[in-house]
Amino acid sequence: MGSASTTSRVTARRRAPAAPETRYDRRLAEILAHATEVFCKKGYEGASMRDLSRASGMSLAGLYYYFESKERLLFLIQKHTFATIVQRLKARLEGVSDPEKQIRILILNHLEYFLANPASMKVLTHEADVLKNEFASEVAAIKREYYRICVGLLDGLKRDRGLEFSTRIAVLSLFGMMNWIYTWHNPRVDADAEQIAREMGDIFLRGVMDGADGRK
């Protein structure tokens, strides 16, 4: 009885609706979107708080009051982006036990976000080392969590298939395949995220599985 009750409470928590988005949340999202476009076009060093103020429609004084610096805006952009990717991945992995399917979900989740948010990806890639101190530490913690999830998925594939390969090299190689897609993807001639994820998954999984088998 106690176990069933606990299970029902856990299920209820999982299904509980997210807290409603507030007016502040919506306004913050708008400001971050405008700031992302400015950083994308001008670069972090080339963008000024006045540029960000004009793009967001917020007064310069108001922008300084809420964000105090453009570094904080960059921090919020990076934090939101990485946190969103990780949260969506965790949600999509729920109930999926097959290691190969899990890795394909990881690839699709990553590519979908990257192709839907190319400006954010350019800012994250080109301004990766700008943040310092607490801002850098908080974003780095989210990145480490994402990396650990990926490592866990690759280790799961190794155990399930009896494979031997370097998990670290495999994970970093996979990120190398995925992270630069925003630089070459042309929606007029290239496939959508789902098809690219399927083909990229085939290439990656065939590589790690065939390569590991060949070393036995």
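Phenylalanine 75 and phenylalanine 135 are both buried. Their rings form a stacked aromatic pair, with 4.5 Å from centre to centre and 15° between the planes. Phenylalanine 75 belongs to helix α5 and phenylalanine 135 to helix α8 (residues 133-161), so the pair ties together parts that lie 60 residues apart in sequence. The model discussed here is predicted.

**Overall architecture**

- The protein contains eleven helices and zero strands, and its pattern along the sequence reads α-α-α-α-α-α-α-α-α-α-α.
- Of the 216 residues in the protein, 40% are buried.
- When contacts between residues at least 6 apart in sequence are considered, 73% of them join residues at least 24 apart.

**Nonpolar core**

- In soluble globular proteins, nonpolar side chains tend to be buried together.
- The largest nonpolar core here comprises 63 residues, and Phe39 and Leu73 are the residues with the most contacts inside it.
- Helix α5 (residues 70-93) provides the largest share of this core, namely eleven residues.
- Leaving aside residues up to four places away in sequence, leucine 73 is in contact with Ile31, Leu32, Ala35, Phe39, Met49, Leu52 and Phe67.

**Helix α4 and its surroundings**

- Helix α4 (residues 60-67) has Gly62, Leu63 and Phe67 as its buried residues.
- Viewed down the axis of α4, these buried residues fall within an arc of 105°, so they line one face of the helix.
- Ala61 and Tyr65 are exposed on the other side of α4.
- The buried residues of α4 pack against α2 (23-46), α3 (49-56) and α5.
- Glutamate 68 follows α4 and has a positive phi, near 55°.

**Serine 53**

- Serine 53 is located in helix α3.
- With a relative accessibility of 9%, serine 53 counts as buried, because the cut-off for that class is under 20%.
- Apart from residues up to four places away in sequence, serine 53 touches Met58, Ser59, Leu60 and Leu63.
- Leu63 is also one of the buried residues of helix α4.

**Aromatic pairs**

- A pair of aromatic rings is described by the distance of the centres and the angle of the planes.
- Five aromatic pairs are counted in the model.
- One of them joins tyrosine 65 and tyrosine 66 in an edge-to-face arrangement, at 5.1 Å centre to centre and with 90° between the planes.
- Tyrosine 65 has a relative accessibility of 66% and so counts as exposed, whereas tyrosine 66, at 47%, is partly exposed.

**Lysines over aromatic rings**

- Lysine 70 places its charged end over the ring of tyrosine 44, 4.5 Å from the ring centre.
- Lysine 158 lies over the face of phenylalanine 165, and the distance to the ring centre is 5.1 Å.

Terms used: Residues numbered from 1 in each chain as written. Predicted model: local features only at pLDDT ≥ 70, side-chain atom pairs only at ≥ 80, totals over all residues. Heavy atoms only, no water. Core = buried A, V, L, I, M, F, W, Y, C linked by side-chain atoms within 4.5 Å. Buried < 20%, exposed > 50% of the residue type's maximum accessible area, 1.4 Å probe, protein only. Helix = DSSP H or I, 4+ residues; strand = E, 2+ residues; numbered from the N terminus. Contact = heavy atoms within 4.5 Å. Phe/Tyr/Trp six-rings, centres within 6.5 Å; stacked < 30°, edge-to-face > 60°. Lys NZ or Arg CZ within 6 Å of the ring centre and 35° of its normal. Arc of directions from axis to C-beta.
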